[in-house]
Structure formats: C-alpha cells, structure tokens
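This briefing covers one protein chain, topic by topic. Please look over the sequence and the model before reading the points below.

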Amino acid sequence: MTRMQFEEHQPSDPVSLVVRRRIRPGQEAAYEALLAEANALLARLPGHRGTGVIRPAPGEQEYTLLARFDTLTSAAAWELSPERAAWLDRIAPLVDEHVSFEKQPGLDFWFTPPAAANLRQPPRWKMALLTLAALYPVSVSTSWLFGEALKPWLGHLVMPVRAIPQMIVVVLLMTYVVMPAVTRWATPWLRGGK
C-alpha cells in the first residue's frame, strides 16, 4: 500500500502495529541492540504513542514488538519510512523468515496481545477488575477537577455538555498513559492462571 492510499482514508482512531519475529539462536544480544535503536527512531516520530517489547519465554525465540500510533496515517509514515527500511535490512541476518505483522485498531491494544501460543487474551474478569482499578482514580480525580476546580469556568454548562471535556480527558489518559502502564505492571497477573 502506498502512502497516498493510506492518506486517502485519514482514519483518526489509534492503531497498534504488532510484529512478531523469530530470532536466530545466538543473535539475541544483537537483536536487542537493534530494538533499542528502533525504539529511539520511533520515539522521534510524530503521532507515536509508545512502544512495547514482549520478549520470548525461556527456550523460545519469538519477540513481539508493539508500536502504538495516534492514527493509521502516523503508523503508515513509519511503515513507509526509509529509516524503517534501513532498520529492517540490518535485522535481516538476525531473524528467521517467519514474520507476523498485524494492525490492531482502536483500543484493542489495552488487553489483546498478538495471537501466539504463549500470549493469550486474559480472562474477562481480570480485564474488568484491572480496568475498574485503573479507571476509578482517573474518574474520581477528573470528576473533582471538572466539578470543583473548573467550576467557575464550566459550572454554567448543563451536565451532559460539561461531561464532554471530562470524558475526553479520561479516554486520553486511559489510552495513552494509565492502561499501558497498568497492563505492563500487571502482565504477570494477567498471564497467570484462570
């Protein structure tokens, strides 16, 4: 797909690029060094919202790289960039031909890891409990902010209208700050038993 085809659609939802690669035995250190370079390249891109690496379980060779972007257009800028092409050339000797590439739209990246035998979606009750634990402090603090601290500026608005900026703040915080940090912190628990 060309850059023009990506830009024709101009989607505004966040998107995650999920790439799985099987690293050749003995090449892990070299691949880790190039992963650090990729993270630095991604961090400088407009629209980049974070990167995660899921390293292989003991005895396995498959790495998963998750790169989050604010829009599909921002993701396309990375996919079609000469920096990415040069980086792919440099990792080619380190990886097997087995490569899996997915685009996960919207908020799916909160909980849905790539489809792999050792990476599965957590049980729904764990997702619900973790979301509640993360959302509660965000909701209480934004309710106070918009209900008390900003009351002189927003108090004259009816509640449904006053709720719009609050919900925008909640969704942005949950998507780009809170849930990525909380899911990273809770990964062992999320991957644990039923």
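In which strand is the place of V19? V19 sits in strand 1, which covers residues 15-23. The model is a predicted one, in which local features need pLDDT of at least 70, side-chain atom pairs count only at pLDDT 80 or more, and totals for chains, interfaces and linings use all residues. Residues are numbered from 1 along each chain as its sequence is written, and side-chain values use heavy atoms, with hydrogens and water left out.

**Overall layout**

- The protein chain holds eight helices and four strands; helices (H or I, at least four residues) and strands (E, at least two) are DSSP runs, numbered from the N terminus.
- Along the sequence, the elements of the protein chain run α-β-α-β-β-α-α-β-α-α-α-α.
- Of the 194 residues in the protein chain, 38% are buried; buried means under 20% relative accessible area, exposed over 50%, and partly exposed in between, with a 1.4 Å probe and protein chains only.
- Taking contacts in the protein chain between residues at least 6 apart in sequence, 74% join residues at least 24 apart, where contact means heavy atoms within 4.5 Å.

- V19 counts as buried because its relative accessibility is 9%.
- Leaving aside residues up to four places away in sequence, V19 touches Y63, T64, L65, V99, S100 and F101.
- V19 and K103 are 84 residues apart along the chain, and their C-alpha atoms are separated by 8.9 Å.

**Helix 3 and A75**

- Helix 3 (residues 72-79) is mostly covered, with six of its eight residues buried.
- Those buried residues of helix 3 are T73, S74, A75, A76, W78 and E79.
- A75 has a relative accessible area of 0% and is therefore buried.
- A75 touches V15, L17 and F69, when residues up to four places away in sequence are not counted.
- Between A75 and P14 there are 9.1 Å in space, C-alpha to C-alpha, and the two are 61 residues apart in sequence.

**Aromatic pairs**

- A pair of aromatic rings is described by the distance of the centres and the angle of the planes.
- Rings of Phe, Tyr and Trp (its six-membered ring) pair if their centres lie within 6.5 Å; planes under 30 degrees apart count as stacked, over 60 as edge-to-face and the rest as tilted.
- By this rule there are two aromatic pairs.
- Y31 and Y63 are edge-to-face, because their ring centres are 5.0 Å apart and their planes stand at 65°.
- This pair links distant parts of the chain, with Y31 in helix 2 (residues 28-43) and Y63 in strand 3 (residues 62-69), 32 residues apart.
- Y31 is buried at 1% relative accessibility, and Y63 is buried with a relative accessible area of 6%.
- W125 and W189 also form an edge-to-face pair, at 5.8 Å centre to centre and 85° between the planes.
- W125 belongs to helix 5 (residues 124-149) and W189 to helix 8 (residues 187-191), so the pair ties together parts that are 64 residues apart in sequence.
- W125 is partly exposed, with a relative accessible area of 47%, and W189 is partly exposed at 35%.
- K126 lies over the face of W189, at 5.1 Å from the ring centre; a charge sits over a ring if NZ of Lys or CZ of Arg is within 6 Å of the ring centre and within 35 degrees of the ring normal.

**E37 in helix 2**

- E37 is found in helix 2 and counts as partly exposed because its relative accessibility is 34%.
- E37 and W87 are 50 residues apart in sequence, and 8.5 Å apart in space, C-alpha to C-alpha.

**Helix 5 and the annotated spans**

- Helix 5 has 26 residues and reaches 36 Å from first C-alpha to last, close to the expected 38 Å; the expected span is 1.5 Å times one less than the number of residues.
- At L135, helix 5 bends by about 30°, and the proline P137 follows within four residues; the bend is the angle between axes fitted to the seven residues ending there and the seven starting there.
- The buried residues of helix 5 are K126, M127, L130, T131, A134, V138, T142 and F146.
- An unreviewed UniProt entry lists residues 127-147 and 167-186 as "transmembrane region"; UniProt positions are given in the numbering used here, feature names are shortened, and annotations may be inferred rather than shown by experiment.
- Residues 127-147 are 100% helix and 0% strand, with the end C-alpha atoms 29 Å apart.
- Residues 167-186 are 95% helix and 0% strand, with the end C-alpha atoms 25 Å apart.
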